Number of protein chains: 2
Amino acid sequence: MTIKETARSMKLASPKMAATSGDDRNRALKAISDALIKNKDEIFKANALDLENAAKDNISQAVVKRLKFDEGKLNGVIEGIANLINLPDPVGKIMMARELDEGLTLKRVSCPIGVIGVIFEARPDALVQISSLCIKSGNCAILKGGKETVNTNTALFEIIKNSIVEAGLPSDCLFKAEQHNEIDELLKCDKDVDLLIPRGSNAFVQYIMNNTKIPVMGHADGVCHVYVDKAADYDKAIKIIVDAKTQYTAACNAAETLLVAKDIASDFLPKAAVALKDAGVALRGNADVLSFVEVEEMGDDEYNKEYLDLIMSVKIVDDVTEAVSHINRFGSHHTDAIITEDRDTAEYFMNMVDSAGVYQNASTRFADGFRYGFGAEVGISTSKLHARGPVGLEGLMTYKYKLYGTGQIVDDYANGTAQFHFRDIDC
Amino acid sequence: MTIKETARSMKLASPKMAATSGDDRNRALKAISDALIKNKDEIFKANALDLENAAKDNISQAVVKRLKFDEGKLNGVIEGIANLINLPDPVGKIMMARELDEGLTLKRVSCPIGVIGVIFEARPDALVQISSLCIKSGNCAILKGGKETVNTNTALFEIIKNSIVEAGLPSDCLFKAEQHNEIDELLKCDKDVDLLIPRGSNAFVQYIMNNTKIPVMGHADGVCHVYVDKAADYDKAIKIIVDAKTQYTAACNAAETLLVAKDIASDFLPKAAVALKDAGVALRGNADVLSFVEVEEMGDDEYNKEYLDLIMSVKIVDDVTEAVSHINRFGSHHTDAIITEDRDTAEYFMNMVDSAGVYQNASTRFADGFRYGFGAEVGISTSKLHARGPVGLEGLMTYKYKLYGTGQIVDDYANGTAQFHFRDIDC
């Protein structure tokens, strides 16, 4: 079957998956977890093969680190599955119930989105994680991993597939695409694939977003800011800037730009520069900044840079108003923080900055589903539709309206024979 | 300014609109309503000009009916604005509040989406309606109407624009595009326009959906079904089928296909055919149907037809299972009804049909924001992301996460110095 045919048949079968019980889906998750532990040696062996090939192909160390699937990564996915099992069933929640009229009741009920396409680069743990999220949420999924991890992925997928069939879920709820050209085929399945989740480098995500009509959940850039206001507590500010920049530089929620209010620049900036340089961070700034601290000079049009490295742009701004307009212009609407003890200034910043996360006196690195207490993370979205910011299981859900009538027709309401009374009832 | 420049500057200005108070936005709505009444003669004069031009250009009667803006249409939009004013402010609602740790509080707060592009064919009332919805929800909007209503739209837009400026809202929150080529320019503004709402024919909406990377709220097709189960009450069934087909044939929620369970076909179908023919409906069906009633013969592959007219496809199906698979295959995931007295069969149908609305014993014509009690309707969506089915004001909203800290950094939580305690608090 081509991917197009697979997607069509999966779409038509998806209501069966949606109709499975939460217990069945949890049982499948438990079976996957058990089977992963039982077959770990086989998985590690497959992974060793991928690592060997990577060595032959001179693949970069960063990629090798991601494609390695060891005891630590296994424990991570096992813990993730255990978390998922403990989360309440997201399917079939009654979100609204309203009597429109006597004997005419409307319910809004949560249900799975349907068919999710997942495309990821070299990260075998992502295959397990995303499959588990789709199973928990009653969705079907077409998975496409990178060729660097083909052996690990094949081993993992077989274990997952056997476990779900054993647990009684529809066997066609998960499909692993094998060929690289299948990515482009998948991107064209906008009639049957309801949502795409790409996991990988920015360039990769950008490619997906630019080449499909299917809605994409994710984000390409993460240009996050920390603005230090004139009413900032310097100690908090420095601790937060260093954390936001250095705690994990490769993350999308790492800060890339430091904005400092001009009133405190001469006092604060040299202190911040020392702390950042001590943490190994190289600073860059425009001509303004050079008059306060020694940094590598940069142009005013470079403030949209995402370094994902121990490098940070610095800019002096007049006040919170200029900070806001700089962030809205150069940022990526991801997560931005203000450091200030002034409540009103903070509220102004948090209302006016057009980002998924707006923080007062906290590190941008908190932008994460687990740190928000969601229990599971589907990803982080910089889209404003459907789901924004860190996305939990609810990002994989939609809803339908169920209307229970007793023979009602619209004409009676149009000609005045009947009237709606709209009475919300208990869910 | 080009549309691209307008969109960019509107995007950057949109947080100002988002920060206006609900009272200010309601005052603007009241001012618009008052000004429309005060200036109605001027509006009607402009509309007469458009109607004159339509007559000269031999424009179809269906379009003329839509472009006419008379006392009745005016009353409709005035009533719509009054409804909107009475709805609670959708901006700034705290949807979730959670203490992540001592002194670290996360809030999910509703906010406007930002910049909405609205493109509509010949319906001046849509201009007022959509502008009002955008104002109520704190969004900015770029409006593009059809050339057939240029005079009416210009008169209406001037009144709206003057009213919002008078009421103190940002003057650049609304912009009316004038040139036809600006539609294609607008479709390319995916960096700055957050959402497109097209209003018009299916072909028009389809064109928009196929030619932009901006998310589109709406639907192209409305192929709705009524399935009459073997456990149906015939009287209810016939009343509902006639209403669903004939109450307003041009609507997307009008039924196009009648499915009948084979066990009752010989008994029920002739009765239904009489009632439908009495209501002026021409029936079409495949060879199976011909053995029960006289209908125009059609092929099995034509069951995806949306007639929007007094024509209905008929098909005999084995049972509810075949009804479900027919609907999922040929339908448009809009609204589908089952007529049955059997609760279990109804639940099966409502769970398995993959549509925004699934009804038991009620007409598909109920699929409408006002009939659902939303007070205002943005449109009907057949997308599964963001908003599905009839969409009220909430379809124009997104949310942001506000995190209030007191100096917290992620490293403390990563190295075990600090622990999250995740405690939901009152909103």
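Conventions. I number residues from 1 along each chain as its sequence is written, with chains lettered from A and ligands numbered from 1 in the order in which they are written. In this predicted model, local features need pLDDT of at least 70 and side-chain atom pairs count only at pLDDT 80 or more, while totals for chains, interfaces and linings use all residues.

Entry on the sheet. I took helices (H or I, at least four residues) and strands (E, at least two) as DSSP runs, numbered from the N terminus. I counted two strands as paired if DSSP finds at least two bridges between them. I found eleven strands in an open sheet of mixed pairing, in the order S17(A)-S1(A)-S2(A)-S16(A)-S13(B)-S12(B)-S7(B)-S8(B)-S11(B)-S9(B)-S10(B). Its edge strands are S17 (423–424) of chain A and S10 (296–297) of chain B, each pairing on one side only.

Entry on S7(B) and S8(B). I noted that S7 (residues 224–228) and S8 (residues 255–261) of chain B run parallel and are joined by five bridges. B:Val226 stands opposite B:Leu258 of S8(B).

Entry on S16(B). I looked up strand S16 (residues 397–408) of chain B: nine of its twelve residues are buried, so the strand is largely enclosed by the rest of the structure. I called a residue buried if 20 or more other C-beta atoms, placed from the backbone, lie within 10 Å of its own. S16(B) pairs with S13 (residues 357–362) of chain A in the parallel sense over five bridges, and A:Ala362 stands opposite B:Gln408. With S2 (residues 104–112) of chain B, S16(B) pairs in the antiparallel sense over eight bridges; there B:Met397 is the bridge partner of B:Pro112.
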